Amino acid sequence: MPASTLPALFLSHGAPLFAIEAGSTGPALTRWGEALAQAPGGLRGIVVMSPHWMARTPAVMANPAPATWHDFGGFPPALYELQYPAPGSPALAAEVLELLLDAGMATDSDAERPLDHGAWVPLMHLFPKADVPVVQVALPLGYGPAQVLAMGRALRSLRAKGVLVIGSGSMTHNLREFFGGEREPSPYVVEFSRWVESAIVRGDKAALLDYRRQAPHAQRAHPSDDHFLPVFFALGAAGWGDEEAVQADYLSREVMYGILAMDSFALASAQPA
């Protein structure tokens, strides 16, 4: 792929409070977004998968003006006042649909879908001006790591056309252990996160696809795998696990509230030595 090809991105969006409690991850994303906006050729749009939109089959948001959906409850009032008025892009949605269909995936479009918090919360930090068109892609019910990886791979060509492909989830996501407040990172959170990083850096596709059996503390880190699967969407869009070497540039390894690993990283073709 040409040097101007955009990276793919995995973002941990943690809890909805990330919108107003940015920690060190929020500013790191803002700095990275500012640098990306200066890239030659500009940024035509964003395609993002969030675990907060799950559908029976792959589905694509074709809403030209998606609303900001506050799809959570019990949080401070200030959180519900936030808006992220980014435009949609029916044209980009049509491209996404075509690529998924070409890859043999039966796909639906949704012209009324709003942006859920798995999309707009991290994007508030990444592109606070909300001036880049956003198209959201659903996480299909019943899909496993290999199938989500294939979805990302199907959209890989968009990165050479000014489109940033993002998987938004959480490196760890055991909300049963969420008590709020800052505390030291739980050892299992660090061990799981660094195992994943090592597998990505090594290009160990077999291990990562089998993470629920091979990764330390996988069941505790992810009682269900919905928030981890977007990692594979980003990896697929980057071509990770194929013949081409992929480099991971970590933007954050922060742990919030002791149990939410906020790992976020950009994935691009490794430059030859």
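How much accessible surface does the protein chain have, and what share of it belongs to carbon and sulfur atoms? It comes to about 11000 Å², and 54% of that belongs to carbon and sulfur atoms. Areas here come from the Shrake-Rupley method with a 1.4 Å probe, and for residues only the protein chains shown count as cover.

Good morning, everyone. A word on the ground rules: this is a predicted model, where local features need pLDDT of at least 70 and side-chain atom pairs count only at pLDDT 80 or more, while totals for chains, interfaces and linings use all residues. Residues are numbered from 1 along each chain as its sequence is written, and side-chain values use heavy atoms, with hydrogens and water left out.

Let's take the overall fold. The protein chain has 10 helices and 10 strands; these are DSSP runs numbered from the N terminus, helices being H or I with at least four residues and strands being E with at least two. Its radius of gyration is 17 Å, close to the 19 Å that the globule rule gives for 273 residues, so the chain is as compact as a globular protein of that length. That radius is taken over C-alpha atoms, and the rule is 2.2 Å times the number of residues to the power 0.38. Of the 273 residues, 57% count as buried, meaning under 20% relative accessible area, with exposed over 50% and partly exposed in between (1.4 Å probe, protein chains only). As for contacts (heavy atoms within 4.5 Å), residues 24 or more positions apart account for 80% of those with a separation of 6 or more.

Now please find helix H6, residues 187-202. Its 16 residues should span 22 Å at 1.5 Å a residue, and its end C-alpha atoms are 22 Å apart, which agrees; the expected span is 1.5 Å times one less than the number of residues. Its buried residues include Tyr188, Phe192, Trp195, Val196 and Glu197. Valine 196 has 0% relative accessibility and, beyond its neighbours within four places in sequence, is in contact with Met171, Leu208 and Phe228. Just after H6, glycine 203 takes a positive phi of about 70°.

Helix H5, residues 145-154, buries Pro145, Val148, Leu149, Met151, Gly152 and Ala154. Among the elements covering those residues are strand S2 (45-55), helix H3 (90-102) and helix H10 (230-238).

Which residues does histidine 13 touch? Leaving out residues up to four places away in sequence, its partners include His52, His117, His227 and Met262. Histidine 13 sits in the loop between strand S1 (8-12) and helix H1 (25-37), and counts as buried at 0% relative accessibility.

Leucine 79, in helix H2 (residues 77-80), is buried too, at 0% relative accessibility. With residues up to four places away set aside, leucine 79 touches Pro16, Leu17 and Trp120, among others. From leucine 79 to proline 145 is 66 residues in sequence and 32 Å in space, C-alpha to C-alpha.

To finish, two backbone details. Most residues other than glycine have a negative phi. Alanine 130, in the loop between helix H4 (117-126) and S5, has a positive phi near 55°, and is buried with a relative accessible area of 7%. Tyrosine 257 has a positive phi near 60°. Its place is the loop between strand S8 (255-256) and strand S9 (260-261), where tyrosine 257 counts as buried at 3% relative accessibility.
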